[in-house]
Amino acid sequence: MSSDLSEEIAAAAARLVVDEGLEYPSAKRKAARDLGRRGGRQGELPSNEQVEDAVREYIAIFCADTQPDELRALRQLALRWMERLAPFRPHLGGAVWRGTATRLSNIVIDLYCDDPKSAEIAFLNEGLDFDSGSDDPDTVILSTVDRSRDLSEPVTLHFVVHDHDDLRGALRPDSRGQSWRGDAQALRQRLQEDRP
């Protein structure tokens, strides 16, 4: 695929991520379809890093006045949940961790459990209202909705349950040396750095 087409798909996907709250994979496929690239096969799509760069550019142009406060509110909400679920070694990922989240973004927290059922049992014991499911039969995702003190709309949280041993591989950096996820201590550090 030409780099021009890749950049065009990345730019269109960035708009969908920011304006509609889509996740990168679905935004890339929809952007490719919208641009006449039926199917948007994996080899034809831009990398997540390319889309993330385009998202950062889009935010800088269209959301620079609101996005930092929205990101901070989402990170504070994520931290509250990570502290609540500390026994499951929570690590924040996705746009909230990477710094590209807006009020429409979901919070994605990976849980690393000795027993994959333990997180679901803990949710039930706490009386939390949640859905359990995933498109992948080998992956359990617990989803719930919570309110941020600073945002006027509900926020969806997805807790992806992993085996404890998966944590080692999960901490590998991306091709640019940046982490895909971080624990509560790392998130507190980012909140300190982001302070106005």
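This is a predicted model: local features need pLDDT of at least 70, side-chain atom pairs count only at pLDDT 80 or more; totals for chains, interfaces and linings use all residues.

Reader: How are α1 and α2 arranged?

Author: Two packed helices are described by the angle between their axes and the distance between the axes. Axes are lines fitted to C-alpha atoms, for helices over the stretch in contact, and angles run from 0 to 180 degrees between N-to-C directions. Helices here are DSSP runs (H or I, at least four residues), and strands are E runs of at least two, numbered from the N terminus. The axes of α1 (residues 3–20) and α2 (residues 24–34) come within 8 Å and cross at roughly 125 degrees. That makes α1 oblique to α2, where under 35 degrees is roughly parallel, over 145 roughly antiparallel, 65 to 115 roughly perpendicular and the rest oblique.

Reader: Which residues in α1 meet α2?

Author: Contact means heavy atoms within 4.5 Å. On the α1 side they are Ile 9, Ala 12, Ala 13, Leu 16, Val 17 and Glu 20, and they meet Tyr 24, Ala 27, Lys 28, Lys 30, Ala 31 and Ala 32 in α2.

Reader: Is Ile 109 buried or exposed?

Author: Buried means under 20% relative accessible area, exposed over 50%, and partly exposed in between (1.4 Å probe, protein chains only). Ile 109 lies in strand β2 (residues 107–113) and counts as buried, at 0% relative accessibility. Its C-alpha atom is separated by 4.9 Å from that of Phe 159, 50 residues apart along the chain.

Note on methods: Residues are numbered from 1 along each chain as its sequence is written. Side-chain values use heavy atoms; hydrogens and water are left out.
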